[in-house]
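Welcome! Here is a friendly briefing for anyone meeting this protein for the first time.

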Amino acid sequence: MRKMLSAAAAFATAATAVVAMSGAAQAAPASGSTVWGCPSGAVCIWGQGVYPPDNPNPTNVYYSYGAHNLSNQLGYHYVLNNQYGGASASLCKNYGGTNCVLTLQQDYVTYYDLTPINSITLNRP
């Protein structure tokens with residue numbers, strides 16, 4: 001029994017490490033529903049250090065395609081792409097949605113340092 005619990009704990013730790021290193025993980029199995037307080041069709045950002053399942057109140061919610069400039073987003077934040085129809089979202093270093101460094105596909109979440117990020121884009125499929 002102890003070996004089984006030990007193996008399960010090791011697997012969970014390894015799985016968490018893989019997600020952390022990959023930069024993004026799938027957050028929801030299907031579109032069309034609110035995830036962690038983020039409405040269907042939106043891209044959401046939570047406050048610095050906030051874990052969305054424990055606090056389902058995003059601080060930023062974006063619905064419209066195109067670039068959205070960010071301000072005062074320092075440190076690590078969760079960002080969820082809860083759009084549908086294959087729409088993606090990108091984190092960009094410059095204002096106006098240029099010099100993008102990470103793209104989140106539909107239903108994916110990342111925990112990312114937004115200090116150098118000055119805009120987010122919602123991209124049409």
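A disulfide is a pair of cysteine sulfur atoms within 2.5 Å. In general terms, it is a covalent bond between the sulfur atoms of two cysteines. Please keep in mind that this is a predicted model.

**Disulfides**

- The structure holds two disulfides, and with bonded cysteines counted along the chain, their pattern is 1-2, 3-4.
- Another disulfide links C92 with C100, with an S to S distance of 2.0 Å.
- The bond between C92 and C100 is right-handed, because the torsion about its S-S bond is about 70°.
- C100 has 38% relative accessibility, so C100 counts as partly exposed.

**An open sheet**

- Strands of a sheet pair through backbone hydrogen bonds, either parallel or antiparallel.
- Here, four strands make an open sheet with antiparallel pairing, in the order β4-β9-β6-β7.
- At the edges are β4 (66-69) and β7, each of which pairs on one side only.
- From one strand to the next, the twist averages 20°.
- β4 and β9 run antiparallel and are joined by four bridges.
- Opposite H68 stands I120, a residue of β9.

**Nonpolar cores**

- Which residues of the largest nonpolar core touch the most other members? They are I45, V79, L91 and I120, in a core of 13 residues.
- Two or more residues of this core come from each of β2 (42-45), β6 (88-92), β7 (100-104) and β9 (119-123).
- Apart from this core lies another one, of nine residues, including C44, V50, Y78 and L80.
- Leaving aside residues up to four places away in sequence, I120 touches V43, I45, Y62, G66, A67, H68, L70, V79, S90 and L91.

**A look at N60**

- N60 belongs to strand β3, which covers residues 60-62.
- Its relative accessibility is 17%, and buried means under 20%, so N60 counts as buried.
- The side chain of N60 has a polar contact of 2.9 Å with the side chain of T59.
- The side chains of N60 and Q73 also make a polar contact, at 3.5 Å.
- Not counting residues up to four places away in sequence, N60 touches V43, C44, I45 and Q73.

**A look at T115**

- Where is T115 found? T115 sits in the loop between β8 (108-113) and β9.
- T115 counts as partly exposed because its relative accessibility is 43%.
- From C-alpha to C-alpha, T115 and S71 are 9.4 Å apart in space, and they are 44 residues apart in sequence.
- T115 touches Q73, L74 and G75, again without counting residues up to four places away in sequence.
- A polar contact of 2.8 Å connects the side chain of T115 with the side chain of D113.

Note on methods
Residues are numbered from 1 along each chain as its sequence is written. This is a predicted model: local features need pLDDT of at least 70, side-chain atom pairs count only at pLDDT 80 or more; totals for chains, interfaces and linings use all residues. Side-chain values use heavy atoms; hydrogens and water are left out. Buried means under 20% relative accessible area, exposed over 50%, partly exposed in between (1.4 Å probe, protein chains only). A polar contact is a pair of N or O atoms within 3.5 Å; within protein, one must be able to donate a hydrogen and the other to accept it, and residues adjacent in sequence count only if both atoms are side-chain atoms. Contact means heavy atoms within 4.5 Å. A nonpolar core is a set of buried Ala, Val, Leu, Ile, Met, Phe, Trp, Tyr and Cys residues joined through side-chain atoms within 4.5 Å. Two strands pair if DSSP finds at least two bridges between them. Axes are lines fitted to C-alpha atoms, for helices over the stretch in contact, and angles run from 0 to 180 degrees between N-to-C directions.
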